[in-house]
Amino acid sequence: MKLIKKTTAPILQRILHCIANYKHGFIIVLYGIFYMTAFCHLENKIQHNYHIVHTFIDDYIPFCEYFIIPYLLWFPFLATTLIYFIFFNKDKQEYYQYIKNLCMGMTVFLAVSYLYPNGHQLRPDSFAHSNLCVELVKRLYATDTATNILPSIHVFNSLAAYMAISRCPALSKHIWVKWTTLLLVGSIVLSTMFLKQHSVVDVVLGAAMAGMGYLFFYQSPARQAFARFSYKTYMRP
């Protein structure tokens with residue numbers, strides 16, 4: 001019994017130490033649970049009687065299945081960015097700026113989807129080729145509905161991640177990180193249109209929302225002061 005206590009005590013101390021050091025990460029975890037719950041509810045609720053989002057520019061953008069690669073890279077890209085700012089970046093103020101921007105944009109998206117049900121009819125009825133990328137697109141279409149698209153969360157979250165990375169001195173000093181991230185984000189934005197996942201309208205509004213988030217969380221002196229206050233409040237021993 002004493003042996004068990006001796007072996008479990010250090011493990012428990014490590015767990016408590018880890019929770020104390022990374023408690024700021026629970027904020028985005030809790031928000032993620034809220035977001036996914038609300039999003040799944042909207043996906044099930046909004047299946048008929050929604051507004052069609054379309055512009056004539058959409059008709060000139062061809063379908064290209066190879067954009068499925070950057071589209072799917074969005075998931076590990078966001079996960080890696082969050083992991084870095086939670087566990088490895090020493091400046092927690094940058095983490096709070098990033099997640100506040102994310103939470104703002106994703107909450108606006110949920111509100112728009114609820115108040116203005118929307119969708120598109122851009123997806124092709126058939127495919128000219130048969131390859132691995134086409135099969136991946138078919139699986140994407142089968143799991144992701146063509147509703148709740150305005151503004152594009154794919155676009156917004158990608159740009160928000162790029163803003164966080166480019167404004168982080170520890171990362172931005174590596175020029176290859178900035179340019180690689182910019183290239184990836186650009187290809188993700190294009191993929192939403194070339195895969196017929198989003199209208200140009202969704203993309204423009206997603207980018208506009210990201211721009212507003214940048215001005216609000218990264219440029220405003222008042223917001224920077226608020227971010228410092230949040231850092232002192234949550235990180236004070």
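Predicted model: local features only at pLDDT ≥ 70, side-chain atom pairs only at ≥ 80, totals over all residues.
Residues are numbered from 1 along each chain as its sequence is written. Local features need pLDDT of at least 70, side-chain atom pairs count only at pLDDT 80 or more, and totals for chains, interfaces and linings use all residues, while side-chain values use heavy atoms, without hydrogens and water.

Helix H2 comprises residues 25–45; helices are DSSP runs of H or I with at least four residues, numbered from the N terminus. Its 21 residues should span 30 Å at 1.5 Å a residue, the expected span being 1.5 Å times one less than the number of residues. The end C-alpha atoms of H2 are 31 Å apart, in agreement. Gly25, Ile28, Tyr31, Tyr35, Phe39, Leu42 and Glu43 are buried in H2 (buried, under 20% relative accessible area; exposed, over 50%; partly exposed, in between; 1.4 Å probe, protein chains only). These residues lie on the same side of H2, because they cover an arc of only 115° around the axis, taken from the directions from the helix axis to the C-beta atoms. They pack against H3, H4 (92–115) and H6 (153–166). The face turned away from the buried side of H2 carries exposed Leu30, Ile33, Thr37 and Asn44.

Tryptophan 74 is located in helix H3 (residues 68–88) and is buried, at 10% relative accessibility. Beyond neighbours within four places in sequence, tryptophan 74 contacts Ile153, His154, Asn157, Ser158 and Ile188 (heavy atoms within 4.5 Å). Its C-alpha atom is separated by 7.2 Å from that of serine 158, 84 residues apart along the chain.

One salt bridge is counted (a side-chain nitrogen of Lys or Arg within 4 Å of a carboxyl oxygen of Asp or Glu). It joins lysine 138 and glutamate 135 at 3.6 Å, N to O.

Technical notes. Helix = DSSP H or I, 4+ residues; strand = E, 2+ residues; numbered from the N terminus.
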